[in-house]
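The entries follow in the order I made them.

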Amino acid sequence: MRTRRTYTIEDFSTRESTQRVLLEVLNPLKPYYSKSGARLYVGQTSAHYEDDTIPMEAFARPLWGLVPFWAGGGSDPEFEDIYRRGLEAGTDPKHPDYWHACRDYDQKFCEMAAIAFGMLFCPQKVWEPLTDQGRDNLTEWLWEINRHECCACNWQFFSIITNVALYKAGRQYDRQHMEEGLELIDAYYDSGGWYKDGNGGEKDYYNPFVMVTYGMAYAKFMEQEDPQRCRRYLERALAFGKDYIYWFSEDGAAFAYGRSMTYRFAQAAYFSVCALCGVESFPLPVLKGILARHLVHWLNLPIFDNAGILSIGYAYPNLQMSESYNAPGSPYWAMKAFLFLALPAEHPFWQAPAAPLPVLEHKKYLKNANMIIQRGNGNVVALVPGRTQADGHSHTIEKYSKFAYSSKYGFSIARSNVTMPECAPDSMLAFEAYGYFFVKNTIDADYFIDENKIAYTWQPVRGIRVKTVIEPTKTGHIRTHRIVSELACRAYDCGFALPLDGDGYCTVGSVQGDGKEEVLVPDPNTNLMCPKTKIPMVVYEIHPGEQVVVTKVDYL
């Protein structure tokens, strides 16, 4: 990794110091834009969508940082020139760097949202400098989102925001298409400020990444035209914050959970948009403190390559944990955390101190998020039931189906289920059967969760059924597994993956079932937080018939 300076809270104390940080993150990209500016080439790995889209995505995503930088008074003539020329060339059908027309479910729809935010929040840099033909071409290219189907999930907001931007620019927009998307977003809403990411989708970071945050942006620009819906969006945003603050530790980290973890500090986008849109979920000093600590936490990790480019990975470069939609430029969605930079110099945010978190409960049942949060020992842990239905994204078992998720220790991704070191089943009960290792995927629909326990039934493999009860304690949790097996096998009840040669605390012990305590050293680079780990575990011998094993896990 390239040596980078150490960041501190003071780096985010003023608008000017924060602008300097933003440019330190984005300046390394400048040599890699195409001559026209419309494409950005920062790597060789691919994604499930067309290779032609990859450099367009990389072009668009830095706008999540540059737009608020410009809107808040920042100036960088080189970036301004790159994006003025790039928007002209990328939308010109006659130019070699043209981004091309779209298809149903096109990845470019996601990137249109970054351009649309620019048109809304900073038209003087993103829209007005274009030639008349350039504005016509951009309008025509953005209209592609109205000609095709968008994924039935958070993507609906990309279409909505793009049409809002066209409308506010005085251009043709598709009101019916926008209204259909808004109705779908309302259909995804559950309760307490939380959305599911589409019908059957999860409640995860796509709430702060898109659902809640884009709702606030919509309310900022459409209050006159759509007052009732805007009021609902703001009410939901306020309710969401009361739960979401529990996902963050005192040192600024949030726990890794769900997909798209390579977007890193986009985890704090909700707080950034609250400040930008004047949504008083928390006092400005609290918002500033969360954002400053979160960005300091991330920017001091080895997340950049030797050229200073954000890598695919989490706490270090790691393709193992990526999704099929993660291309080399994808991590720059993280720049959403910098949206607060659009606040003007006179805004009280810039004079506010970076305050600590408010006093939070050590154990909190987040009913609307479907999880129990535990806090202590510098760690934030989420106890979750898991999923009742599978989906097609990569490694969803590891990203949603473990017993617990931690801000300190992240989670591990299996390389295979052939050996235990490859399986790396941290915070899971793994069964060795039929020559392989099997863990919890989905659970039966009739699960139970309240402030004192989580209970569900699941089947890791043919011939084995398990009823698991998780009960939080002051120092961790107790797992009770009632196992009905048709075969003799072995079960491994595992704790968090700890740094192999560093600090970490997690103990796992057998309370019932005559388990044997052991330590697994999984394959390197399986864990999101640390390249080399060890996993404490209890090994149980499972016999045909019914038996109960009880494991105590401590980490607080």
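Which residues does arginine 236 touch, not counting residues up to four places away in sequence? I found Asp186, Tyr189, Gly193 and Tyr195, where contact means heavy atoms within 4.5 Å.

Ground rules first. I am working from a predicted model, in which local features need pLDDT of at least 70 and side-chain atom pairs count only at pLDDT 80 or more, while totals for chains, interfaces and linings use all residues. Residues are numbered from 1 along each chain as its sequence is written, and side-chain values use heavy atoms, with hydrogens and water left out.

**Arginine 236 and α12**

I placed arginine 236 in helix α12, residues 227-244. Helices here are DSSP runs (H or I, at least four residues), as are strands (E, at least two), numbered from the N terminus. Is arginine 236 buried or exposed? It counts as buried because its relative accessibility is 10%; the cut-offs are under 20% relative accessible area for buried, over 50% for exposed and partly exposed in between (1.4 Å probe, protein chains only).

Its side chain makes a polar contact of 3.0 Å with the side chain of aspartate 186. That term means a pair of N or O atoms within 3.5 Å; within protein, one must be able to donate a hydrogen and the other to accept it, and residues adjacent in sequence count only if both atoms are side-chain atoms.

Next I listed the buried residues of α12: Arg229, Cys230, Tyr233, Arg236, Ala237, Phe240, Gly241, Asp243 and Tyr244. They cover an arc of only 150 degrees around the axis, so they sit on the same side of α12; the arc is that of the directions from the helix axis to the C-beta atoms. Gln228 and Lys242 are exposed on the other side of α12.

**α10**

The buried residues of α10 are Met178, Gly181, Leu182, Ile185 and Tyr188. Their arc is only 115 degrees around the axis, which puts them on the same side of α10. I see them pack against α9 (156-168), β1 (189-191), β2 (194-195), α11 (206-222) and α12.

At the start of α10, a side-chain oxygen of aspartate 174 comes to within 3.3 Å of the backbone nitrogen of glutamine 176.

**Helix pairs**

I checked how α11 packs with helix α13 (residues 269-277): the angle is about 10 degrees and the axes are 9 Å apart. Axes are lines fitted to C-alpha atoms, for helices over the stretch in contact, and angles run from 0 to 180 degrees between N-to-C directions. That makes α11 roughly parallel to α13 (under 35 degrees; over 145 is roughly antiparallel, 65 to 115 roughly perpendicular and the rest oblique). Among the residues making the contact are Val212 and Met216 of α11 and Tyr270 and Val273 of α13.

**Threonine 162**

I looked up threonine 162 in helix α9. It counts as buried because its relative accessibility is 0%. Leaving aside neighbours within four places in sequence, threonine 162 is in contact with Met112, Ala113, Ala116, Leu142 and Ile145.

**Cysteine 530**

My last entry is cysteine 530, in the loop between β16 (516-520) and β17 (533-542). Leaving aside neighbours within four places in sequence, cysteine 530 is in contact with Tyr316 and Pro499.
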